[in-house]
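Good morning, colleagues. Please look at the sequence and the structure as they come up, and I shall take you through the model.

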Amino acid sequence: MLTGKTVLVGVTGGIAAYKAAELVSLLVREGTVVRVVMTAAATRFVAPLTFASLSGNPVACDLFAPAAGVHAHIDLAAAADLVVVAPATADFLAKAAAGLADDLLTTLLLACTRPVLLCPAMNTNMYRHPAVRENLARLARLGYHLMEPDAGRLACGTVGPGRLPEPARIVEHLAALCPRRDLAGYTVLVTAGATREPIDPVRFISNRSSGKMGFALARAALERGARVILVSGAAEVEPPPGVELVTVDTAEAMRSAVLSFAPECDLIVKAAAVADYRPARVADQKIKKDRERTLELVRNPDILQELGASKGNRVLVGFAAETENLLESARAKLTKKNLDLLVANDVSRADSGFGSDTNLVWLVFPEGPPQELPLMDKRLVAERILDEAAGILAGRRPTGSGLTGATDGHNH
Ligand code: PMT
């Protein structure tokens, strides 16, 4: 997957900088062209010559080095298919989160439109510090890919999260981010987030969907070359730049938006958590707490089922959020809604489903055994779902069937 690609490895000044040498070595063995950029602090831990020898390319450390040319930051960013910063120190994360550009690495990140993977590594207390957590959250919102550090005994003696993941795992993660253009020419509609069903002017019924899973799908589809329509309910994360964003509140508004775009779509992925019920009546004024009240609910339309009933040539992917009988319920939904793929989402754990950065899912198909995926970052789950969807699309309408319209999004 990485063979022939150019990977830019950023190394910042932490003790784990020595592990970046193994990362570079593994990437070279994968047939990757590796360019290394080091911060001044990183050169205190490992000599640039180490990386130059392993990569077979000169190492860039200085924004103003005359030999690198006046546009070194632009040229390096443009040449890379992927960027990984390993280790990424707390200082570097703070600079990147603020958009600072005071050295070669931070400057080239601003010029880069390719996927960027950041691998934080630091002392456990530093990693847990609210300032670092806020910077990481902001970086995720800005579209950077983040890899959780491993937990264990750190160089400082502390035991806890903060260790740079094994280089082989970083390479795996990079391979999953490697831009494929297998959705170029296709229009993909993704639904995300939570619907809100009003009770009165100030109250509503909703759920805990953050939009992370749906937004990860939209971003991944964009990076793979699709035109992406993102129909989003309430969400806690920033939509990826480059998508056509349609924001909705209620299930009925989501239904209208989805059905109006459906005829132009090749693939629809419904990750949104849609309220199954809404209040039968919406009060004009704020309801007073003067007595006991009963809220009467009526069923909302099932958007996915409607799409399945008139599917045409479209590929339809649904989700099933379950706390029990995961596969049984998933299979029933797949059949009832006439889906090509159902993502059965275990939402009984804190690190999976609503709100979390990671997800635990099974991929369930109309035929053949279901596939269990390990607990993974939602972005990687998104990539796996799109791998399957792209395969189904390719089988249905082979590439070169006269499709046009591939776009190049700004795809961190
Ligand atoms: O947003 P995050 O915090 O990242 O959380 C992600 C998620 C848990 C919301 C997501 O992974 C997920 O599981 N989404 C589906 C949630 C859901 O509503 O599941 P369901 O089993 O109730 O619905 C089954 C499918 O039918 C879903 O694809 C849903 O979008 C769709 N549906 C449901 C009800 C309805 N009235 N219309 C629908 O189209």
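The structure contains zero aromatic pairs, where a pair requires the centres of Phe, Tyr or Trp rings (for Trp, the six-membered ring) to lie within 6.5 Å, with planes under 30 degrees apart counted as stacked, over 60 as edge-to-face and the rest as tilted. This is a predicted model, in which local features need pLDDT of at least 70 and side-chain atom pairs count only at pLDDT 80 or more, while totals for chains, interfaces and linings use all residues. Residues are numbered from 1 along each chain as its sequence is written, and side-chain values use heavy atoms, with hydrogens and water left out.

Which ring has the charged end of arginine 133 over it? That ring belongs to tyrosine 127, and the charged end sits 4.6 Å from its centre. The criterion is NZ of Lys or CZ of Arg within 6 Å of the ring centre and within 35 degrees of the ring normal.

Let me turn to the domains. The assignment, which is an automatic or database one, divides the chain into domain 1 (6-177) and domain 2 (187-404). Their centres, taken over C-alpha atoms, are separated by 34 Å. Nine residues of domain 1 are in contact with seven residues of domain 2, contact meaning heavy atoms within 4.5 Å. The area buried between domain 1 and domain 2 is about 790 Å², and carbon and sulfur atoms give 52% of that area. Buried area here is the accessible area, with a 1.4 Å probe, that two parts lose on being put together, summed over both. On the domain 1 side, Arg141, His145 and Ala176 lose the most area to domain 2, together 50% of what that side buries.

How many salt bridges does the rule find across the interface of domain 1 and domain 2? It finds zero, the rule being a side-chain nitrogen of Lys or Arg within 4 Å of a carboxyl oxygen of Asp or Glu. In the whole structure, the search finds 24 salt bridges. One of them joins the side chains of glutamate 166 and lysine 19, at 4.0 Å from N to O. This pair links distant parts of the chain, 147 residues apart: glutamate 166 lies in the loop between β7 and α9 (167-177), and lysine 19 in helix α1 (residues 17-29).

Next, the sheets. Helices (H or I, at least four residues) and strands (E, at least two) are DSSP runs numbered from the N terminus, and two strands pair if DSSP finds at least two bridges between them. Strand β4 (residues 116-120) runs parallel to β5 and is joined to it by two bridges, with leucine 118 opposite leucine 146 in β5. Strand β3 (residues 82-88) contains proline 87, which a cis peptide bond joins to alanine 86, with omega about -5°.

A further open sheet has eight strands with mixed pairing, in the order β12-β11-β8-β13-β16-β17-β19-β20. Here the edge strands are β12 (244-247) and β20 (371-372). Strand β13 (residues 267-270) pairs with β16 in the parallel sense over four bridges, and lysine 270 stands opposite glycine 318 in β16. In the loop between β16 (315-322) and α13 (326-336) is asparagine 325, whose phi is near 45°, a positive value in a residue other than glycine.

Finally, the hairpin. Strands β6 (residues 150-153) and β7 (residues 159-163) pair in the antiparallel sense over four bridges, and arginine 153 stands opposite valine 159 in β7. Five residues lie between β6 and β7, and glycine 157 in the turn has a positive phi of about 100°.
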